[in-house]
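Good morning, colleagues. Please look at the sequence and the model on the screen while I describe the fold, one hairpin and the core.

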Amino acid sequence: MRINFVFIIFWLDNIIMNNAIITCPECEFSKKEIMPSNQCIVFYECENCFSILRPLKNDCCVFCSYSDVQCPPVNNNE
Ligand SMILES: [Zn+2]
């Protein structure tokens, strides 16, 4: 039971909080960020090199361009 409980917390953390790993194109620094489920983030400052990341052409937000997952609005449209 205890193991199941821990597993569920981990699962909720990843599904509901929409965690994404953003990788900076300038310095390749990666950081886990929480992605808002109801809006797109169009500016992101890299913690390591302080570059301001902007979405690439045809992408709606920095998560689509630089993270390992697409943003919730894109996922919801599919
Ligand atoms: Zn950087």
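I begin with a definition: two strands are said to pair if DSSP finds at least two bridges between them. Strands themselves are DSSP runs (E, at least two residues), and helices are runs of H or I with at least four residues, both numbered from the N terminus. The model is predicted: local features need pLDDT of at least 70, side-chain atom pairs count only at pLDDT 80 or more, and totals for chains, interfaces and linings use all residues. Residues are numbered from 1 along each chain as its sequence is written.

The protein chain contains three helices and four strands. In sequence order, the pattern of the protein chain is α-β-β-β-β-α-α.

Let us take the hairpin of strand 1 and strand 2, which has six residues between the strands. Strand 1 covers 19-23 and strand 2 covers 30-34. The two run antiparallel and are joined by five bridges. Across the pair, A20 stands opposite E33, and I21 stands opposite K32.

Within the hairpin, E28 takes a positive phi near 65°, and E28 is a residue other than glycine. Is E28 buried or exposed? A residue counts as buried if 20 or more other C-beta atoms lie within 10 Å of its own, exposed if 12 or fewer, and partly exposed in between, with C-beta atoms placed from the backbone. E28 is exposed, because it has 10 other C-beta atoms within 10 Å.

N58 also has a positive phi, near 75°, and is not a glycine. N58 lies in the loop between strand 4 (52-53) and helix 2 (62-66). With 7 C-beta neighbours inside 10 Å, N58 is therefore classed as exposed.

Which residues make up the largest nonpolar core? A nonpolar core is a set of buried Ala, Val, Leu, Ile, Met, Phe, Trp, Tyr and Cys residues joined through C-beta atoms within 7 Å. The largest one has nine residues: A20, I22, M35, Y44, C61, V62, F63, Y66 and C71. Strand 1 and helix 2 are the elements that give two or more residues to this core. Helix 2 gives the most, with three residues. In soluble globular proteins, nonpolar side chains tend to be buried together. Over the protein chain of 78 residues, 15% count as buried.

Contacts come next; two residues are in contact if their C-beta atoms, placed from the backbone, lie within 7 Å. Apart from its neighbours within four places in sequence, V62 is in contact with I22, I41, V42, Y44, L53 and P55. Among contacts in the protein chain between residues at least 6 apart in sequence, 29% join residues at least 24 apart.

Finally, S37 is placed in the loop between strand 2 and strand 3 (44-45). S37 is partly exposed, because 13 other C-beta atoms lie within 10 Å. S37 and C71 are 34 residues apart along the chain, and their C-alpha atoms are separated by 7.6 Å.
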